[in-house]
Amino acid sequence: MNFHTRKWVKPEDLNANGTLFGGSLLRWIDEEAAIYAIVQLGNQRVVTKYISEINFVSASRQGDIIELGITATEFGRTSITLTCEVRNKITRKSILTVDKLVFVNLGEDGLPAPHGRTQIRYIKDQFAEEGRED
Ligand SMILES: CC(C)(COP(=O)(O)OP(=O)(O)OC[C@H]1O[C@@H](n2cnc3c(N)ncnc32)[C@H](O)[C@@H]1OP(=O)(O)O)[C@@H](O)C(=O)NCCC(=O)NCCS
């Protein structure tokens, strides 16, 4: 799993207990997962369909640097299933896990559309497919 995105926990992200507010974290995860699905499926029209059990493993505090990891576990006909872990960047202690996030690929009519993908595409492969050299 690649941990691409880092976040710095700030006062506006805290709950009344002085630790990271779950809603802030879920917003970051949904956005990160949506970006992952958009890149993998090559389509901006993807929507969150389902998020499985969320386990808030340990608290995070103001000033912590945390990192979000996402990877695809399954490619369906119109859907993609992802898994997510958030951890403390310095200590590597797990903060949260989400087993399954399902995103659905939509056509211009807003209905589920086959995406034709079967496996993870890496950036270097995408450039190669498009005939670019970097
Ligand atoms: C996304 C949406 C268009 C899908 O419609 P639908 O009638 O469920 O479509 P389908 O039954 O054809 O299912 C589409 C895919 O989702 C999967 N799916 C549907 N319900 C699911 C569920 N509860 N859990 C996991 N996957 C599910 C299906 O297996 C299918 O995947 P596949 O083609 O890879 O096999 C519709 O549910 C919707 O608009 N939901 C709101 C999405 C949204 O606004 N999200 C933002 C957050 S509020």
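Which polar backbone atom, 2.9 Å away, faces a nitrogen atom of the ligand? That atom belongs to Thr-48, and the pair counts as a polar contact (a pair of N or O atoms within 3.5 Å; within protein, one must be able to donate a hydrogen and the other to accept it, and residues adjacent in sequence count only if both atoms are side-chain atoms). This is a predicted model, where local features need pLDDT of at least 70 and side-chain atom pairs count only at pLDDT 80 or more, while totals for chains, interfaces and linings use all residues. Residues are numbered from 1 along each chain as its sequence is written, and side-chain values use heavy atoms, with hydrogens and water left out.

**The chain as a whole**

- The protein chain has two helices and six strands; these are DSSP runs (helices are H or I with at least four residues, strands are E with at least two), numbered from the N terminus.
- Taken along the principal axes, the C-alpha atoms fill a box of roughly 45 × 35 × 20 Å.
- Of the 134 residues, 40% count as buried (buried means under 20% relative accessible area, exposed over 50%, partly exposed in between, with a 1.4 Å probe and protein chains only).
- The accessible surface of the protein chain is about 8,200 Å², and carbon and sulfur atoms own 48% of it; such areas come from the Shrake-Rupley method with a 1.4 Å probe, and for residues only the protein chains shown count as cover.
- Among contacts (heavy atoms within 4.5 Å) between residues at least 6 apart in sequence, 66% join residues at least 24 apart.

**Around the ligand**

- The shell around the ligand includes Val-47, Thr-48, Lys-49 and Tyr-50, as well as Gly-76, Arg-77, Thr-78 and Ser-79; a residue is near the ligand if one of its heavy atoms lies within 4 Å of it.
- Strand S2 (46-51) and strand S6 (94-105) each supply at least two residues of the shell, and the largest share, four residues, comes from S2.
- By class, the shell has six nonpolar, four polar and two charged residues (Ala, Val, Leu, Ile, Met, Phe, Trp, Tyr, Cys and Pro count as nonpolar, Asp, Glu, Lys and Arg as charged, and the others, Gly among them, as polar).
- Side chains take part too: an N or O atom of Lys-49 is 2.7 Å from an oxygen atom of the ligand, and one of Ser-79 is 2.6 Å from an oxygen atom of the ligand.
- On its own the ligand has 960 Å² of accessible area, and the protein covers 45% of that.

**The nonpolar core**

- The largest nonpolar core holds 25 residues, and Leu-25, Leu-82, Val-86 and Phe-103 touch the most other members; a nonpolar core is a set of buried Ala, Val, Leu, Ile, Met, Phe, Trp, Tyr and Cys residues joined through side-chain atoms within 4.5 Å.
- Helix H1 (22-41), strand S4 (65-75), strand S5 (79-88) and S6 each supply at least two residues of this core, with H1 giving the most, eight residues.
- Beyond its neighbours within four places in sequence, Leu-25 is in contact with Leu-20, Phe-56, Ile-66, Val-86, Ile-95 and Leu-96.

**Some residues to look up**

- Ile-29 sits in helix H1 and counts as buried because its relative accessibility is 2%.
- Leaving aside neighbours within four places in sequence, Ile-29 is in contact with residues including Leu-68, Ile-70 and Cys-84.
- Although Ile-29 and Val-98 are 69 residues apart along the chain, their C-alpha atoms are separated by 9.4 Å.
- Ser-94 belongs to strand S6 and is buried, since its relative accessible area is 19%.
- Apart from neighbours within four places in sequence, Ser-94 is in contact with Val-57, Ser-58, Glu-85, Val-86 and Arg-87.
- Ser-52 lies in the loop between S2 and strand S3 (54-56), and at 10% relative accessibility Ser-52 counts as buried.
- A polar atom in the side chain of Ser-52 lies 3.5 Å from the backbone nitrogen of Asp-99.
- Thr-73, in strand S4, is in contact with Thr-81, Leu-82 and Thr-83, leaving aside neighbours within four places in sequence.
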